[in-house]
Amino acid sequence: MLDEAAEDREVGAQPDQAEKIQYVAFEEDCKLVVVWATKAYCRPLFYNETGTCTLELPGDSGRFDIQPLRRPTHYAIRSSDGRLFELNFCSPISDSRCGFTSSDGVSVCEVNATTGGKSRAIGITRRSVLQYTEEKGLKMIYHGPNGSKGSGGAEITLVCNENITFGEPVFKAELDNLYKFELETSLACLAWPVECAVFDREDNKFDLGQLRKTDGNWEVTDPGQGKVRFHINICGALNPVKTYVCPGANVGACKTNSSESTNLGSVTTGPKINADGVLTLHYTGGSPCEAGHFRHSTHIVFHCSRVENGPRFIKQSEDCVSSFLWETPVACPVKYVVGKNCQVREPSYSAVFDLRPLHRPGMDYSLTTEQGDHYRVNICGTLDEPCGGYDNASICLTSGGHQIPIGEQGVVDDRCNFYFVWNTALACTPSKEVECIITDDKGEVYDLTSLSLSSSNHMNVDRSRKHKFFINVCHSVVFGFGSMCAYNAGVCMEDLSKPNHHNRFHNMGEVSEGPKFVDGILTLNYDSGEICSDPQGAPHYTSTINFYCDPTSVETTPQLLVDQLCHYVFVWVTSAACPQRSTRHLNSNSTGDCTATNPATNFRFNLIQLKETVNHFDGPNGDHYSLSICDNLDASVCGSMAGACRTKENSPLKAVLGVGHSNLQYQDGQLFLNYSGGELCHKGKRHSTRVQFMCGAENTTQGPKLLEELDDCSTLIAWNTELACEHRILCKAFDGDNLVDLSPLISFDNNYEVTVNRSRFFVNVCRPVLPFTGLGCPPGSGACVAHVEEDGELTQEFSLGYPHFSPVLDKGEAVLKYMLGSPCPVVRTQMSSSFHFKCDVSAGKGAPVLKSITQDCQYQFDWKTSVVCPSSEQVVSDSDNYVLRNKELNTAIDLRPLCKHDVHKVIKGGKTFYLNLCSSKTTCDGAAVCRQTDSSSYDSYGENLEVEFDYANNLTKLLYTSGSLCHKSVGNGVDINFSAEVWLKCDPTVDEGQAEIVAVS
């Protein structure tokens, strides 16, 4: 089955392009994982190109271009014994004492050779080979005049020296008519990105790495130079672009016009900062100037700015230096603190991080990647055992039987970085947590604990895109990368217009008490935030989150409803706000334990709640099943010693499928009960039942479901239950600046399916595949593949990985990876899958498409979906005739069916509201939304309409502004007017539907 699927690889996705050693993962709750991106092991062993001066290494391994070494005439080289040679690169020699002209096509010659006293041609231009081997590096080889083996020639070894752009060739030796030369040049260096951070005298850090592009380049135009365009990358080579080609290797900047391109310098060093605090970056060694006395170079000056303005061309000097000014927030200083003795003090709020308890005397930490590479790690000290004979290593890589020291405490090699992520409580700042469960006056229990995060935050960006909010529930906002918030803040606001990270985060309210009911609304208040400067507001900023129950709303995020008078109000529609089933009637002294512990985390699963009920469900062919959890069935036709029983409709046939017990087990990430010792089946075997408990997607149907009855008389049953949830991954990707929410793609009823010939793939997003009868995927898999038999039966099910890690952003694209699946039958590793989500506003939720399968069983999918697309806004006027037109989709929403009645009347909190979306009736005095204040007066909630198409949540939002006056300003403040939002949500089961008011502030 796997070989069939491998044959279906899409053209253009070659296996060798995907064989990079890469293990990318992120996991919560104090588990050690590694993020590793390196080209070190995918570099080719041997590549060459004939008759050219450029060499592309496959994949992304590197590129060489030695054309800048070409001279108009030639190089002259004198050997130690007085012999004189002439050579050129990428061109014949000319103006030569050898007597050759460019038309002769000779690139290497000896002047007045010792043999006969005549000049001699050694190497022919058109018989050149540019060659690279991992052992011997880069060589230019010129074969002799007759081209036959043994006819001699010239071999020029190009040695990488980043400090020498061009250099001068040196004669080394002659061996069997092969003349050997050597040239040191930066053009022989592979295009590694340089270190892009620099420190000033006050230990402020300036890191330009955020400006380095991995796709496309920075593009600059100069109105004074017509069609000239400049192309720039920062601290790394220009990325290949179809519309232009820049000459040279590791080029950091170039300029093009309609007919030619000019190399403006190669990347050899990173940024520098002088004594006056001026931050600059230089690229040197570009194409020769027109005058021929200089070579083009680039000089970029960076200025700290609140907004990103990009590079701006200033001028080109007489010595061919192209100058640019770049105003960017990235050039603003970041305070960098260096600690001692494995301790460091965080400068914003003075927390001390002490990692010394992580050091393990006598035993190193150990981890192995899917590719089989093994790491030994120790923190705050050296490894317990030497690494490859080296005593001072703190990290050791074992690969291919070789031990390689890759880390020593306090020593950094910028050229070969390995990135590890270590989640530990020692990296946490002080936090505050309150009780998150509340009981109302009817005895209903409400539990918001599932919304409380310990290693990440909920996020919301306001409509202006100027403020980002970090929110937690019953727990302070988690301090960390991109969220440098006060330790006790429950809501934190980041002012995106401020360039300096030290003053862009603001405390909008501290955690002080748990949720409560206010006017019947489940509410969480955070008060005592930063001082409020508005004279009409409270002394300090406060925030309120109003929770509204919707059983179908899972993995939702809070929405900013209103910000006024230093008070932020958020509305959160979520299933977590629905009442929970009371568990007080359960007998805690019941017989049997019915618990199991995850040894890796010490989390204790307790299924004792499930003992109270006998569960009945149907199978195929008229079979009925009865199942008891951690006990035997009472009053069952199978008797009192049956934990599972099968009967048949209108038949006396019955079978005991196993004896019940309370020995719940947790092994290899799976929670299950095994009932054995049932009735005799056939061939002397007895019936048995395995009940696999799964933490399915939120709001999925709870309870047992028959998966399969196997030939060995065993019955497989899957059971979705919240009690099997240790934690669910957060289905959002965040890189400190950008947020992509994939939770709308979580499926609760059907799996996403992909069929390729006889292979069928089943996929869910951030959650396990939903079980159904006939599908035997390993329980808990986020994706799996099965072989489809001729009769449609699914066999040979393999897991393609489990949802252990949240999605990440890679080059701005959301990527979800499932790791540690079934064993790969081809190589010694485990199957995995990755899903790359791409914006397509017309795709809706979309579906995965298989792109490639690598030789080590990595299944790679692309997924076009509107969920990852940003919202689209437009202004609507009366002339639109109540039809909302989406220009991106070229579709329209006709509001007129909502106008069968003059107005829609809605009562909320004893107040009467009217909605009138289609015509200017007199009820609201021309407004679309209004509130009745007395028998004949109304407060308008706005007439001006903007429309927001929210692709992520599949909502169309009608935003009405400029309503009646709500609050009069004091002093120089701003008047606040009523406004309204109407959210249109698709429901194909209703006609006109009924408007409901979610929140009023």
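**Reading the model, feature by feature**

Author: Let's start with one residue and its surroundings. Leaving aside neighbours within four places in sequence, Gly 660 is in contact with Asp 631, Asn 632, Ala 642, Gly 643 and Tyr 675. Contact here means heavy atoms within 4.5 Å. Before we go on, this is a predicted model: local features need pLDDT of at least 70, side-chain atom pairs count only at pLDDT 80 or more, and totals for chains, interfaces and linings use all residues. Residues are numbered from 1 along each chain as its sequence is written, and side-chain values use heavy atoms, with hydrogens and water left out.

Reader: Where in the chain is Gly 660 found?

Author: Gly 660 is in the loop between strand S50 (654-658) and strand S51 (665-667). Helices (H or I, at least four residues) and strands (E, at least two) are DSSP runs, numbered from the N terminus.

Reader: Is Gly 660 buried or exposed?

Author: Go by the cut-offs: buried means under 20% relative accessible area, exposed over 50%, and partly exposed in between (1.4 Å probe, protein chains only). Gly 660 has 13% relative accessibility, so it counts as buried. Thr 595 counts as buried too, because its relative accessibility is 10%. Cys 428, with a relative accessible area of 45%, is partly exposed.

Reader: Which residues is Thr 595 in contact with?

Author: Setting aside its neighbours within four places in sequence, they are Arg 604, Phe 605, Asn 606 and Leu 664. Thr 595 itself lies in strand S45 (residues 595-598).

Reader: Now zoom out for me. How many helices and strands does the protein have?

Author: There is 1 helix, and there are 78 strands. Of the 1001 residues in the protein, 47% are buried. Take contacts between residues at least 6 apart in sequence: 47% of them join residues at least 24 apart. The accessible surface comes to about 48,800 Å², and carbon and sulfur atoms account for 48% of that surface. Such areas come from the Shrake-Rupley method with a 1.4 Å probe; for residues, only the protein chains shown count as cover.

Reader: How do I read strand pairing?

Author: Two strands pair if DSSP finds at least two bridges between them. Strand S11 (residues 137-143) and S12 run antiparallel and are joined by 6 bridges, while S12 and strand S14 (residues 178-185) pair in the parallel sense over 8 bridges.

Reader: How many of the residues in S12 are buried?

Author: 6 of its 8 residues are, which makes S12 mostly covered. As a general idea, in a regular strand the side chains alternate between the two faces of the sheet.

Reader: Can you show me a sheet with its strand order?

Author: An open sheet of 4 strands runs in the order S36-S37-S38-S39, with antiparallel pairing. Its edge strands are S36 (458-461) and S39 (505-507), and each pairs on one side only. From one strand to the next, the twist averages 25°; axes are lines fitted to C-alpha atoms, for helices over the stretch in contact, and angles run from 0 to 180 degrees between N-to-C directions. Within this sheet, 5 bridges join S37 (residues 467-471) to S38 (residues 491-495). Phe 470 has Cys 492 in S38 as its bridge partner.

Reader: Speaking of cysteines, how many disulfides does the structure hold?

Author: A disulfide is a covalent bond between the sulfur atoms of two cysteines. The working test is a pair of cysteine sulfur atoms within 2.5 Å, and the structure holds 19 disulfides. One of them joins Cys 53 to Cys 90, with 1.8 Å from S to S. The torsion about that S-S bond is about -120°, so the disulfide is left-handed. Cys 53 and Cys 90 are both buried.

Reader: And what does a right-handed link look like?

Author: Look at Cys 731 and Cys 766, where the angle about the S-S bond is 75°. Their S to S distance is 2.1 Å. The pair links distant parts of the chain, 35 residues apart. Both cysteines, Cys 731 and Cys 766, are buried.
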